[in-house]
Amino acid sequence: MTLLRILGCDPQYDPRQTCCGQPAFNAGYHTDARLVAEHFVEVFKDAEEIVSLSGSCATMVKVFYPQMELTGALSETVGGITSKTFEITDYIVNQLGVTDLGLTYTGRVAYHDSCHIMRELRIVDEPRKLLRSVKGIELIELDLADRCCGFGGLFATKFPDISVAMGEEKLESIQRAKVDLVVGCDNSCLMHLQGLADKRGVNLKTKHIIEFLGDLIK
Amino acid sequence: MNLRASQFKANARIAAQDTGLRSKVKKATGTALTKRKQTVDELPEWESLRQQGHDIRKEVVDNIDRYLRSFTDAARLNGAIVHHANEHNDATKIIYDIIRRVSANSVVKSKSMITEELHLNRMLEENGIRVIETDLGEYIIQLAGETPSHITAPALHKSKEDIARLFQEKLNISYTDDPAVLTAVVRKRLRDEFLNTRVGISGVNFACADTGTITIIENEANARLCTVLPEVHIAVMSIEKIIPSFDDLSLFLKLLSCSASGQRMTSYVSMINGPRSSHNPDGPRQLHVVILDGGRRQLAKHPAWKEALYCIRCGACLNVCPVYQSVGGHVYGSVYPGPIGSVLTPTLFDMKEAQDLPFASSLCGACTDICPVKIDLHHHLLWERREVVDRGYKSFTEKIAMAVWRWMMLSAGRVEFAGRLGWLIQKVFGKNIPAPGWTPRRRFPALARRSFRSIMKREKNNDG
Ligand code: SF4
């Protein structure tokens, strides 16, 4: 919020909001997903622009809402919702045209590409641009940068062993990069990686990019 | 079809913890991916080639009956004997009858996924016919009494040390893990088989509808030998192997060899137009082409599922899939593992049996990005999940859980309440309370005392 205000926006928070419906959608429960999606559309239909801190939720709205059969008038509203929803780094870089926030940080940081952001929304450079603009930062590319961390929503609990195996590969890639801070645009992936690192006693901190940048402002 | 897909969950659990298997699969897929990337990077037109490939495959699948007729006519004109098999059993029976008619009691065989789908080897062996696999990978698998774990590299789950031990035990040779020596051993043993066996069986990579040409690509020349040395060559294919024209072949050879092995062209490309004749004195006396439907015509009519029939079996989606890399191919319990296997097995064979496969993906989309014919693989998995739920295959508990979740998500107040409750539980019982499916190997994050929602509300009230 602070960051958006500094950038000249007037962000509003509608407390009625809950969820975009993705968990049910990905689990195959379309009716449940549709009802929750309709709640989302109802809450957000009058917003000028919608900015999401989760690339995955933004994907749900932008990519999958158009494929859902919303009922009644909402089916017409959805097109508008889709085009005015943005993932936050995409919004800052491409809508606000800001790439340099004038911040400073000393240390090695790796950026984690979350799959939905990278492959569904094709947002790859935007977060990197914001990070690179931070003075003193050493932005490291992981050797397995384009590999999924294994979270995958309910997949992580339905197939915990595969999910953990995938996470271990990612964690090893992070360790090879010798970074102790990983920044990403989706808290869910970061929570998975952080949980895995904590359990294994690996010294790693994960932060959402906005949390990271926001902390530098203070 | 013999499926064991219902055991996916249990088998994947074991495989995911087998770090030895994981490192072998990782190494082999990693090498294939690196080579592929090098070659594709040299082709600036790659994306447009993929689109062309997609469009042509769509054209064929949408008009499968017409192309099948035209291929059959052209192949017959070339002198091939064409057989159509509706069911898997029909195909194996046709093949068995051809072998019996020439009184052969053994066959040499090159690598073919469709014969795996038919479980042909087992059937022939049960009927007293010896099957000699001649592709090195298949030879290894046959010797080990296993099934392929990958569609282009059947023995991908074996290290060279595994193979050395296998050869030592089964072929009575002294231990060596030198690939050149091991290959030479196989080559020597196979030479006599090629010369003395009267029936050769192969798969087909592409069948041209206009000229009736069947094309087989490979790197070991064993398929070439299987198709020219024996008196009778039986080529086995499924209906969707057809491409419209001979002119399309160069495109598909490029897409397939780049994606499968990072080669612009494989070492051997056999284009077979017919049996031996007065103006073509080489090759077998008889050429049989056995074409299997096996549920595909039905699948081709489905507006979404039909896309899986565009597949040219390059195996790239397996290589790039982090799930496949973690568990290997056997656990899928289907002839076709990996992303394409998870997409195809439920729709082509048995959705109830294979209901876990569409869920066994983090939906990362790496498969879709690599597929040379642009099959929307990971979105197919999503649509199939919906089908599994709509057919009522899910447990009662899961349905109730989903209904509760929905009930909560329809009201911000209930979400807020659940958040506080979660925080309270953590506060009372400590941060390490177990969450099934999560905590055994990952730590659960600490829940915030105050939600973003309540912070925002308070901020607003203060402003106001
Ligand atoms: S689905 Fe695509 S990537 Fe996978 S094997 Fe088939 S053609 Fe290759």
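The shell around the ligand divides into 11 nonpolar residues, 1 polar and 1 charged. Here Ala, Val, Leu, Ile, Met, Phe, Trp, Tyr, Cys and Pro count as nonpolar, Asp, Glu, Lys and Arg as charged, and the others, Gly among them, as polar. There are 13 residues around the ligand, and Cys311(B), Cys314(B), Gly315(B), Cys317(B) and Cys371(B) come nearest; a residue is near if one of its heavy atoms lies within 4 Å.

Keep in mind that this is a predicted model, where local features need pLDDT of at least 70, side-chain atom pairs count only at pLDDT 80 or more, and totals for chains, interfaces and linings use all residues. Residues are numbered from 1 along each chain as its sequence is written, chains are lettered from A and ligands numbered from 1 in the order in which they are written, and side-chain values use heavy atoms, with hydrogens and water left out.

As for confidence, chain B averages a pLDDT (the predictor's per-residue confidence, from 0 to 100) of 92, and 97% of its residues score at least 70. The complex gets an ipTM of 0.93 and a pTM of 0.93 from the predictor.

Chain B has 21 helices and 10 strands, taken as DSSP runs (helices H or I, at least four residues; strands E, at least two) numbered from the N terminus. Of its 464 residues, 56% count as buried, meaning under 20% relative accessible area with a 1.4 Å probe and protein chains only.

Now the rings. Phe, Tyr and Trp rings (the six-membered one for Trp) pair if their centres lie within 6.5 Å; planes under 30 degrees apart are stacked, over 60 edge-to-face and the rest tilted. That rule gives 12 aromatic pairs over all chains. Tyr139(B) and Phe167(B) have ring centres 6.3 Å apart and planes at 75°, so they are edge-to-face. Tyr139(B) lies in helix H8 (residues 136–144) of chain B and Phe167(B) in helix H9 (residues 160–171) of chain B, so the pair ties together parts 28 residues apart in sequence. Both Tyr139(B) and Phe167(B) are buried.

Phe155(A), Phe159(A), Phe8(B), Tyr324(B) and Tyr332(B) form one aromatic cluster. Some rings also have a charge sitting over them, with NZ of Lys or CZ of Arg within 6 Å of the ring centre and within 35 degrees of the ring normal:

| Charged residue | Ring | Distance to ring centre |
|---|---|---|
| Lys9(B) | Phe159(A) | 5.3 Å |
| Arg313(B) | Tyr336(B) | 4.4 Å |

Methods. Buried means under 20% relative accessible area, exposed over 50%, partly exposed in between (1.4 Å probe, protein chains only).
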